[in-house]
Amino acid sequence: MQSEDARYLKRKVKGGNLDVHPTEKALVVQYEVEATILGEMGDPMLGERKECQKIIRLKSLNANTDIASLARKVVEECKLIHPSKLAEVEQLLFYLQNRRKPNGKEKREKRQVKPRDLTPFEGMEIDEEANINNIDDYVELLYEDIPEKVRGSTLILQLARNPDNLEELLQNETALGALARVLREDWKQSVELATTIIYVFFCFSSFSQFHGLITHYKIGALCMNIIEHELKRYDLWQDELQKKKKAYILHCGM
């Protein structure tokens with residue numbers, strides 16, 4: 001194709017799915033851009049499609065926000081969202097308004113994530129910053145002993161908590177398969193390990209386009225098994241505690 005033959009560029013934007021951001025007060029809009037180069041006679045000469053996403057941050061959203069009004073404003077100002085999706089926007093905003101806040105203040109700006117920001121539960125501490133280019137090294141740790149598995153899964157969690165990394169992680173079947181295998185085989189050996197890996201898959205579950213991944217590795221069923229086991233163990237602890245209390249009372253009363 002000669003450059004002088006290309007006279008026009010036709011650009012078409014098609015809106016897609018809506019979802020909530022996994023960590024921020026924000027909506028994620030999926031859309032597709034189709035660009036076609038037309039010749040002098042209007043015939044298509046070259047075309048390309050690209051899937052994109054737009055993040056709509058809602059800094060003013062709080063417990064007192066009028067959800068209906070905010071939803072209308074979002075739809076009016078974002079041309080990627082069709083007016084027919086107003087009810088869906090309201091539902092997503094209501095979810096964000098009532099979503100439980102994580103412990104501590106998380107600053108999720110467009111920057112490198114610092115390890116000290118990633119402490120979703122007490123006990124998980126690591127003085128190392130994850131890099132998506134080192135994912136193969138982190139996967140190798142999942143084939144070592146429990147401490148190394150905890151470290152490897154924690155580094156992968158750092159990556160998964162950044163939505164920009166989820167697509168690339170999704171393509172790494174070795175990493176996801178290893179995480180699912182370790183969770184299935186070793187969850188009884190380490191609560192920290194199990195919680196970290198579940199948190200990784202939770203990051204994926206926050207976006208509807210990744211739900212197939214959760215289903216494929218049967219994470220939901222596995223989580224239910226883990227919860228059932230922990231509840232039974234809790235009941236056993238309670239029974240044992242009551243027995244010790246009764247024994248102590250009898251002992252003191254003698």
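Does Asp19 count as buried or exposed, and at what relative accessibility? Let us keep that in mind while we get our bearings. This is a predicted model, in which local features need a pLDDT of at least 70 and side-chain atom pairs count only at pLDDT 80 or more, while totals for chains, interfaces and linings use all residues. Residues are numbered from 1 along each chain as its sequence is written, and side-chain values use heavy atoms, leaving out hydrogens and water.

Now back to Asp19. Asp19 has 10% relative accessibility, so it counts as buried (buried means under 20% relative accessible area, exposed over 50% and partly exposed in between, with a 1.4 Å probe and protein chains only). You will find Asp19 in strand β1, residues 6–20; strands here are DSSP runs of E, at least two residues, and helices are runs of H or I, at least four, numbered from the N terminus. Among the residues that Asp19 touches, not counting those up to four places away in sequence, are Leu27, Leu92 and Ser208 (contact means heavy atoms within 4.5 Å). A polar atom of the Asp19 side chain lies 2.6 Å from the backbone nitrogen of Ser208.

Next, look at helix α2, residues 86–98. At 1.5 Å a residue, its 13 residues should span 18 Å, and its end C-alpha atoms are 19 Å apart, which agrees (the expected span is 1.5 Å times one less than the number of residues). Within α2, Val89, Leu92, Leu93, Leu96 and Gln97 are buried. They cover an arc of only 140° around the axis, so they sit on the same side of α2 (the arc is that of the directions from the helix axis to the C-beta atoms). On the other side of α2, Ala87, Gln91, Phe94 and Asn98 are exposed.

The largest nonpolar core has 39 residues, of which Ile135, Leu183, Phe201 and Phe204 touch the most other members. Such a core is a set of buried Ala, Val, Leu, Ile, Met, Phe, Trp, Tyr and Cys residues joined through side-chain atoms within 4.5 Å. Apart from it lies another core, of 18 residues, among them Val20, Ala71, Ile81 and Leu96.

Finally, how confident is the prediction? The chain averages a pLDDT of 80, and 79% of the residues score at least 70; pLDDT is the predictor's confidence in each residue, from 0 to 100. Over residues 103–123 the pLDDT is below 50, and this stretch has 32 contacts in the model beyond near neighbours in sequence. Where pLDDT is low, the predicted coordinates should not be read in detail.

Technical notes: Polar contact = N/O pair within 3.5 Å; in protein donor to acceptor, adjacent residues only side chain to side chain.
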